[in-house]
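Here is a quick tour for anyone opening this structure for the first time. Have the sequence and the 3D view side by side, and follow along from one spot to the next.

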Amino acid sequence: MCLRLCLLFATIGIFLIFYFELDHHIDEYGFQVVQRDVHDSEEELFSTCTLEEFGDGWTQEVLRIANVFYDPIKKCNESFKPMTVLDENGTLYIHKDHKDIDCQARSVLFKNDRRLNYDNWTDVTHEASDPWDADIIHTQCFARTKPNATKVEDWLHIQVVKQDHIKEDAEGEEHAPSVYIFVVDSVSHSQAVRSLPKTLSLLQKEFDAVTLRHVNKTEKVRA
């Protein structure tokens, strides 16, 4: 009987210690556990939204499952350069180091979330072309010395084309576009903080970019 009473009181004591510690407890994953008053009304309960702050993104939960020593580009050829060049002026040409190839290019245009439109193929030479006004340009090159014009490269060039045209709003006032929005597919905000720190720093410090924190889209986006 005494043993049972001792076990009962010990269990109650452990429960009380855990209950009072929980009010300001930081759990094993680095997130703060918020203790609500049992007397909070239903209206108060559902009128607030507490968003977690991830700091530098390396919470204890992430560190527990992440392989921080894995380098996905360790074996990449850092000296590699594509056969075609899209320069800062938007002109496209074949790199001077590649002679016996034929290349062509086309614009890749947005249609909707699941479809793209493509312009007709245009020949690319070693001479600079007229500036391309597309954000994404698809190029492919074929070797002349190999049989059946073997394709030796398939590449996508990306640029941000400045929109100079001016639009009128509903009141007839003219406004030029001044905001670019960059969306990185399949990357949460916390993952971007961990994986793209230099990119975020450059955008924020050099271009006064604003990071939309806590904005994450999670759904099936592909057919």
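Predicted model: local features only at pLDDT ≥ 70, side-chain atom pairs only at ≥ 80, totals over all residues.

## The second largest pocket

Sorted by class, the lining of the second largest pocket holds six nonpolar residues, three polar ones and two charged ones.

## One disulfide

How many disulfides does the count come to? The count is one disulfide, and its partners are Cys 103 and Cys 141, with sulfur atoms 2.1 Å apart. The torsion about their S-S bond is about 110°, so this disulfide is right-handed.

Cys 103 sits in strand β3 (residues 101–110) and Cys 141 in strand β6 (residues 136–143), so the bond ties together parts that are 38 residues apart in sequence. Are Cys 103 and Cys 141 buried or exposed? Both of these cysteines are buried.

## Strand β3 and its neighbours

Strand β3 deserves a look of its own. Seven of its ten residues are buried, so β3 is largely enclosed by the rest of the structure. β3 runs antiparallel to β6, and eight bridges join the two. In this pairing, Cys 103 stands opposite Cys 141, the two cysteines that form the disulfide.

β3 also pairs with strand β5 (residues 122–124), again antiparallel, through three bridges. Here Ala 105 has Thr 122 as its bridge partner. Another three bridges link β3 to strand β4 (residues 116–118), also antiparallel, with Leu 109 partnered by Asn 117. β3 and β4 form a hairpin, and five residues lie between them.

Now to Asp 208, which you'll find in the segment after α5 (197–206). Most residues other than glycine have a negative phi. Asp 208, though, has a phi near 55°, a positive value in a residue that is not glycine.

Is Asp 208 buried or exposed? Its relative accessible area is 64%, and because anything over 50% counts as exposed, Asp 208 is exposed.

Conventions
Residues numbered from 1 in each chain as written. Heavy atoms only, no water. Nonpolar A, V, L, I, M, F, W, Y, C, P; charged D, E, K, R; others polar. Disulfide = S-S within 2.5 Å. Helix = DSSP H or I, 4+ residues; strand = E, 2+ residues; numbered from the N terminus. Buried < 20%, exposed > 50% of the residue type's maximum accessible area, 1.4 Å probe, protein only. Pairing = 2+ DSSP bridges.
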